[in-house]
Amino acid sequence: MSKQLAVIAASMFILVGAMGLKSAVTSKDSGAVLLANGSAPTPPTPKEWRRNGSAPTPPTPKDWRRNGSAPTPPTPKDWK
Amino acid sequence: MASEFVASAARFEMMQHYGFTSLAYAYFYYYSDAVLTILLFLALSSLYSEVFRELNAERYVQMGSVVLLAGTALFSFAVVHQSFTAAEQSSGKIFFHFVFEVSQNLYFVGLVLTYILWAAILKLRETRTRLIQLVLSLGVYFSLYAANYALRNLYPSAEVIFTVLNPLIGCFLPFAWAYAFWKLPEEARLAPAELAVSPR
């Protein structure tokens with residue numbers, strides 16, 4: 001029983017450490033997305049879809065920018 | 001590796017058919033990335049089982065993997081759940097953000113686990129060269145992505161450079177593992193102490 005509890009405690013400790021590392025790495029968030037699989041080009045994230053600037057605005061996902069009675073959901077950048 | 005190959009081919013097909021900025025490609029990309037991240041996590045768990053097999057600790061490694069995976073999923077759901085209102089939670093958007101968050105969090109869990117595994121290999125004086133090569137290449141792979149991501153956040157003006165680096169880094173793990181399985185025989189042995197920096 002003690003070994004099982006030790007495994008659970010170690011797993012939680014690793015999870016806390018990983019989330020702390022993530023917080024440290026994403027402390028200066030520029031909206032970039034961390035992805036670790038494959039060499040395919042990363043599509044624009046919801047935040048990038050809503051960005052204005054000199055570059056031409058790509059087609060916006062209709063759902064993310066819908067106006068009406070439902071409030072617009074927050075993008076990953078807004079969560080930080 | 002086979003899953004990554006299939007996902008890459010499917011992503012290319014989706015991009016060709018629907019376009020790079022299409023919603024279909026974005027959804028497919030992020031969902032497939034979450035699946036690949038979970039498979040990478042399971043591959044890492046199998047490496048742990050290999051290293052701890054002589055200690056008869058495979059059962060505890062498997063238990064730890066399940067607890068860690070479930071804990072990461074619960075944590076990710078809690079983070080996403082907080083960000084959505086009650087009306088928004090019933091929509092499908094929360095699931096997409098949850099999948100996205102799980103993929104990101106599981107990546108960092110894998111990064112920490114890889115470094116712990118390397119420390120365990122040094123401590124247990126593991127000598128199987130192929131296993132060492134697999135773990136080291138996985139550590140370099142995770143670290144390259146994390147460094148690229150961190151530098152991208154620190155220097156957003158140079159984003160073009162880091163965007164180009166991403167797919168190049170993505171090719172590293174398949175090449176490193178292909179080298180490990182092709183050039184290194186199963187019975188090859190290497191003392192990991194030769195790789196560790198020893199204090200003088």
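Trainee: What are Y48(B) and F52(B) called, buried or exposed?

Mentor: Y48(B) and F52(B) are both buried, a term for a relative accessible area under 20%, with exposed meaning over 50% and partly exposed in between (1.4 Å probe, protein chains only). This is a predicted model, in which local features need pLDDT of at least 70 and side-chain atom pairs pLDDT 80 or more, while totals for chains, interfaces and linings use all residues. Side-chain values use heavy atoms, without hydrogens and water.

Trainee: Why is the aromatic pair of Y48(B) and F52(B) called stacked?

Mentor: Rings of Phe, Tyr and Trp (its six-membered ring) pair if their centres lie within 6.5 Å; planes under 30 degrees apart count as stacked, over 60 as edge-to-face and the rest as tilted. The rings of Y48(B) and F52(B) have centres 6.0 Å apart and planes at 10 degrees, so the pair counts as stacked.

Trainee: What makes the pair of F77(B) and F98(B) edge-to-face?

Mentor: Its centre-to-centre distance is 6.0 Å and the angle between the planes is 80 degrees, therefore the pair falls in the edge-to-face class. F77(B) belongs to helix α3 of chain B and F98(B) to helix α5 of chain B, 21 residues apart; helices here are DSSP runs of H or I with at least four residues, strands are runs of E with at least two, and both are numbered from the N terminus.

Trainee: Why is F77(B) called partly exposed?

Mentor: The relative accessible area of F77(B) is 40%, so the residue is partly exposed. F77(B) is also a member of one aromatic cluster, including Y29(B) and F98(B).

Trainee: How do you know that the charged end of R11(B) sits over the ring of Y29(B)?

Mentor: The criterion places NZ of Lys or CZ of Arg within 6 Å of the ring centre and within 35 degrees of the ring normal. For R11(B), the distance to the centre of the Y29(B) ring is 4.2 Å. K183(B) likewise lies over the face of W182(B), at 5.2 Å from the ring centre.

Trainee: What makes N56(B) and R125(B) count as exposed?

Mentor: N56(B) has 66% relative accessibility, so it counts as exposed. R125(B) counts as exposed because its value is 65%.

Methods: Residues are numbered from 1 along each chain as its sequence is written. Chains are lettered from A and ligands numbered from 1 in the order in which they are written.
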